[in-house]
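Open the structure in your viewer and keep the selection tool at hand. This short tour goes stop by stop.

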Amino acid sequence: MDNEIAQDLSPLIKLYKNGRLERLVGTATVSASLDPETGVNSNDVVISPETTLSARLYIPKSAGSIQTKLPLLVYFHGGGFCVETAFSPVYHNHLNSLSSQANIAIISVNYRLAPEHPLPAAYDDSWAVFKWALAHSNAKGPNEWLNSLVDFRRVFLAGDSAGGNIAHHVALRAGFEGINLRGIVLIHPYFWGKEPIGDEGKDGGSSGDEAYPGMLWKFVNPSSKNGSDDPLINPSKDPNVGKLGCGRVLVCVAEKDGLKDRGWFYKEVLKKSGWDGCVEVVETKGEGHVFHLFNPNSANALEFMAQISSFINQ
């Protein structure tokens, strides 16, 4: 009985009928440290002891040795809202590299995961960390690194997969509150919809609520009444999508990623919404979903990192 599966969402997570959860990936963690390869220093901060909300802060080697303050990137990890953490080795290594290459400070958000904490917990946590970071703009916040080293006129958001989805919604909420970000980077963003677009559902594959992204969405957001057409997962169903609180958006997609068409469609949605910013889509040929995390030294991953660094430092 203990091994009877109620829901199998491999390769991410399994739910057993007795209520036991098995996370199949993303359970390993590494400590914050001074990275010997890049010289980037990281440190963990607790934002809310009540909810155990925390984040990892990365500061490049150049900090303190130059007069110019650093841009800040608030980063949201992926994992379908139900696996991975800000302390995962793949994200720790990725953000060490990005902080060093782009010469930026980074806050990586360790939001609560579904199904123990269904959506909107991840959105609420991510917004809370974003606002906590902005509270340092007067140099009187609780973290001295942020007080002394960050230029709060240059704040960016980024995330991969579910984290790309979160970055979009934090930017949207920022727009409603009159906060103007410098830009956002959506990496292989987890968007979906009931009606298939592009190659979705072709060659006998499932689409909409019956496809893996649709089933995963129901798992992490069981109270959603509109399934894959919930505005939280389908920006084309959100009448307020044009209120995005930034002027520049970079969307990264991968040729062999099943979410690719949604990334391209996001550009169309923004252009039709009345949003007056600039959106660019960059597609990496021959690669799949979040390839850069698992093969970070490949030529395509290095080019991908250079594109993000360039966007931030324009």
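Start with leucine 134. Not counting residues up to four places away in sequence, leucine 134 touches Phe152, Val155 and Ile179. The model is a predicted one. Leucine 134 is found in helix α2. From C-alpha to C-alpha, leucine 134 and arginine 248 are 19 Å apart in space, and 114 residues apart in sequence.

Next, select all of α2, residues 121-134, together with helix α4, residues 162-176. The two helices pack at an angle of about 60 degrees, and their axes are 10 Å apart. That angle makes α2 oblique to α4. The crossing of α2 past α4 is right-handed.

Show the side chains where these helices meet. On the α2 side, pick Ala122, Tyr123, Asp124, Ser126, Trp127 and Phe130. On the α4 side, they meet Asn165, Ile166, His169, Val170, Arg173 and Ala174. Colour this contact of α2 with α4 by class: seven residues are nonpolar, three polar and two charged.

Move on to strand β6, residues 70-76. How many of the seven residues of β6 are buried? Seven of the seven are, so β6 is largely enclosed by the rest of the structure.

Now bring in the strands paired with β6. Strand β8, residues 150-160, pairs with β6 in the parallel sense, over six bridges. Pick leucine 70: its bridge partner in β8 is valine 150. Then select strand β7, residues 105-110. β7 and β6 run parallel, joined by five bridges. Finish on leucine 73, which stands opposite isoleucine 106 in β7.

Key: Residues are numbered from 1 along each chain as its sequence is written. This is a predicted model: local features need pLDDT of at least 70, side-chain atom pairs count only at pLDDT 80 or more; totals for chains, interfaces and linings use all residues. Side-chain values use heavy atoms; hydrogens and water are left out. Axes are lines fitted to C-alpha atoms, for helices over the stretch in contact, and angles run from 0 to 180 degrees between N-to-C directions. Helices (H or I, at least four residues) and strands (E, at least two) are DSSP runs, numbered from the N terminus. Angles under 35 degrees count as roughly parallel, over 145 as roughly antiparallel, 65 to 115 as roughly perpendicular and the rest as oblique. A crossing is left-handed if the near helix is turned anticlockwise from the far one by less than a right angle, and right-handed if clockwise. Contact means heavy atoms within 4.5 Å. Ala, Val, Leu, Ile, Met, Phe, Trp, Tyr, Cys and Pro count as nonpolar, Asp, Glu, Lys and Arg as charged, and the others, Gly among them, as polar. Buried means under 20% relative accessible area, exposed over 50%, partly exposed in between (1.4 Å probe, protein chains only). Two strands pair if DSSP finds at least two bridges between them.
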